[in-house]
Amino acid sequence: MTYLHFKALHIIFVVSWFAGLFYMPRLFVYHTEAKDKPSPEREILFAQFTKMEKLLWNAIMTPACWLALICGTAMLYITPAWLDQGWMRLKLLFVLGLLAYHSFTRKILLELREGKFRFSSFQLRLFNEVATIFLFSIVFLVVLKNTVDWLWGVLGLIAFAVLIMTAVRIVKRIREKKAGGS
């Protein structure tokens with residue numbers, strides 16, 4: 001296989017991995033919100049979310065993670081000079097962060113299976129955005145191949161996320177006031 005074969009496969013597996021990293025925390029949100037449902041709806045939803053989370057973890061996220069890492073390593077083996085470039089070292093640091101995020105996702109998954117709800121649905125929604133920050137950071141680094149320019153894109157994303165989250169909280173408070181005053 002050539003470098004371009006590994007690159008194509010790497011992109012495919014990274015996309016698959018991120019699909020799981022984006023969807024799993026959403027399942028956690030729904031799983032957490034289901035605890036407030038009455039029985040037997042709660043038990044039915046718990047069983048369904050547990051099944052979906054297990055399948056997503058075992059059939060998509062973990063294999064895609066490993067295959068993305070293998071293909072990325074193969075590309076570095078073919079082109080070892082990249083390891084001398086600052087953008088690549090920073091990208092690899094972000095990949096380590098992404099692996100930590102992946103592992104923490106597993107921890108939450110196991111806690112939910114045991115019926116431990118350590119995080120609120122709002123906190124899990126925020127957790128879901130961490131993968132987006134990793135994605136932006138890594139893509140900007142790879143495309144721009146610059147250790148400084150990526151920062152502006154990520155800072156813009158964070159500012160936009162803070163603005164959106166603030167707007168969502170304001171709208172939620174307005175709705176709660178209207179519902180309470182009715």
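The lining of the largest pocket in this predicted model is made up, by class, of 23 nonpolar, three polar and three charged residues. That pocket holds about 640 Å³ of space, and it belongs to a protein chain with five helices and zero strands.

**The largest pocket**
- In total 29 residues line the largest pocket, and among these His10, Val14, Lys91, Ile138 and Val142 are the ones that lie nearest its centre.
- Four helices, namely H1, H2 (41-78), H3 (86-113) and H4, each contribute at least two residues to the lining of this pocket, and the largest share, nine residues, is supplied by H1.

**The second largest pocket**
- The second largest pocket contains about 270 Å³ of space, and its lining consists of 13 residues, of which Phe122, Arg125, Val168, Arg169 and Lys172 lie nearest the centre.
- Helices H1, H4 and H5 (149-181) each provide at least two residues of this lining, with H5 giving the largest share, which is six residues.
- Sorted by class, the lining of the second largest pocket has eight charged, three nonpolar and two polar residues, while the lining of the largest pocket has three charged, 23 nonpolar and three polar residues.

**The cavity**
- The structure holds one cavity of 30 Å³ or more, and the space in the largest cavity comes to about 30 Å³.
- Its lining is formed by Thr32, Ile108, Glu111, Leu112, Lys116, Phe117, Arg118, Phe119 and Leu124, and helix H3 accounts for the largest share of that lining with three residues.
- By class, five of the residues that line the largest cavity are nonpolar, one is polar and three are charged.

**Helices H1 and H4**
- Helix H1, which covers residues 3-34, and helix H4, which covers residues 121-144, have axes that come within 8 Å of one another and cross at roughly 175 degrees.
- Because angles over 145 degrees count as roughly antiparallel, H1 is described as roughly antiparallel to H4.
- On the H1 side, the contact is made by Phe18, Leu21, Phe22, Pro25, Arg26, Phe28, Val29, Thr32 and Glu33.
- On the H4 side, the residues that make the contact are Ser121, Leu124, Arg125, Phe127, Asn128, Ala131, Thr132 and Leu135.
- Taken by class, the contact of H1 with H4 includes ten nonpolar, four polar and three charged residues.

**His102 in helix H3**
- His102 lies in helix H3, and it counts as buried because its relative accessible area is 8%, which falls under the 20% limit for that class.
- Leaving aside residues up to four places away in sequence, His102 touches Trp17, Leu21, Trp57, Met61, Thr62 and Cys65.
- Leu21, one of these partners of His102, is also one of the H1 residues in the contact with H4.

**The chain as a whole**
- Read along the sequence, the protein chain follows the pattern α-α-α-α-α, and its C-alpha trace spans about 65 × 35 × 20 Å along the principal axes.
- Of the 182 residues in the protein chain, 31% are buried.

Conventions. Residues are numbered from 1 along each chain as its sequence is written. This is a predicted model: local features need pLDDT of at least 70, side-chain atom pairs count only at pLDDT 80 or more; totals for chains, interfaces and linings use all residues. Side-chain values use heavy atoms; hydrogens and water are left out. Axes are lines fitted to C-alpha atoms, for helices over the stretch in contact, and angles run from 0 to 180 degrees between N-to-C directions. Angles under 35 degrees count as roughly parallel, over 145 as roughly antiparallel, 65 to 115 as roughly perpendicular and the rest as oblique. Contact means heavy atoms within 4.5 Å. Ala, Val, Leu, Ile, Met, Phe, Trp, Tyr, Cys and Pro count as nonpolar, Asp, Glu, Lys and Arg as charged, and the others, Gly among them, as polar. On a 1 Å grid over the protein atoms alone, a cavity is a set of points where a 1.4 Å probe fits but cannot get out, and a pocket is an open set with protein on both sides within 12 Å along at least five of seven lines; lining residues have an atom within 4 Å of a point. Grid points are joined across faces, edges and corners, and a volume is the space filled by probe spheres set on the points. Buried means under 20% relative accessible area, exposed over 50%, partly exposed in between (1.4 Å probe, protein chains only).
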